[in-house]
Amino acid sequence: MKRALAYGAFCLLDHSFWLLIQLLPGSMLIGMARQRPWQYLSVKDWLMPESKQRWQARICWMLHKRCRLASWGSTCLSRSLSGRLAMDLIGVANELHLGMSKFSDGSKIPHAWLVEPSSGRLFTPGLTPKAGVPLTQL
């Protein structure tokens with residue numbers, strides 16, 4: 001029951017970011033992702049190290065589940081921003097990557113993914129090597 005409730009709350013956060021992406025100009029959205037105004041709400045000072053690891057594992061589980069089950073009202077950017085907010089709240093370092101894939105038919109697809117900077121571990125699925133190029137890191 002707790003997992004379903006947590007996943008539902010995370011879906012609501014994802015949909016909220018999706019709505020912001022639809023409404024805000026790109027420069028304002030990127031500025032928000034870079035400045036991270038939500039960091040002032042951080043609970044990282046209250047968490048014990050074991051608790052922080054447990055929360056990180058839960059957030060990773062929710063991100064992977066959301067990436068597999070997402071439908072309308074969710075994009076790679078909204079999921080990455082949701083993950084970034086959640087990781088920032090518990091004090092886990094993360095980088096938001098924006099990139100572009102070019103397919104054999106010439107079509108280009110933008111993509112966003114979240115990475116742990118120290119290990120390179122993906123919190124959300126990224127571009128496959130040699131299939132795309134990262135354009136920026138935030």
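These questions and answers walk through a predicted model of one protein chain. Local features need pLDDT of at least 70, and side-chain atom pairs count only at pLDDT 80 or more.

Q: How do you know what secondary structure the protein chain has?
A: Helices (H or I, at least four residues) and strands (E, at least two) are DSSP runs, numbered from the N terminus. By that count there are four helices and three strands, in the order α-α-α-α-β-β-β from the N terminus on.

Q: How do you know what span is expected of helix H1?
A: The expected span is 1.5 Å times one less than the number of residues. H1 (residues 2-23) has 22 residues, and its reach of 32 Å from first C-alpha to last is close to the 32 Å expected.

Q: Why are Tyr7, Phe10, Cys11, Asp14, Phe17 and Ile21 of H1 called buried?
A: Buried means under 20% relative accessible area, exposed over 50%, partly exposed in between (1.4 Å probe, protein chains only). These six names are the buried residues of H1. Seen down the helix axis, they fall within an arc of 125° (taken from the directions from the axis to the C-beta atoms), so they line one face of H1.

Q: What makes up the face of H1 turned away from its buried side?
A: That face carries the exposed residues Lys2, Leu5, Leu12 and Leu23.

Key: Residues numbered from 1 in each chain as written. Heavy atoms only, no water.
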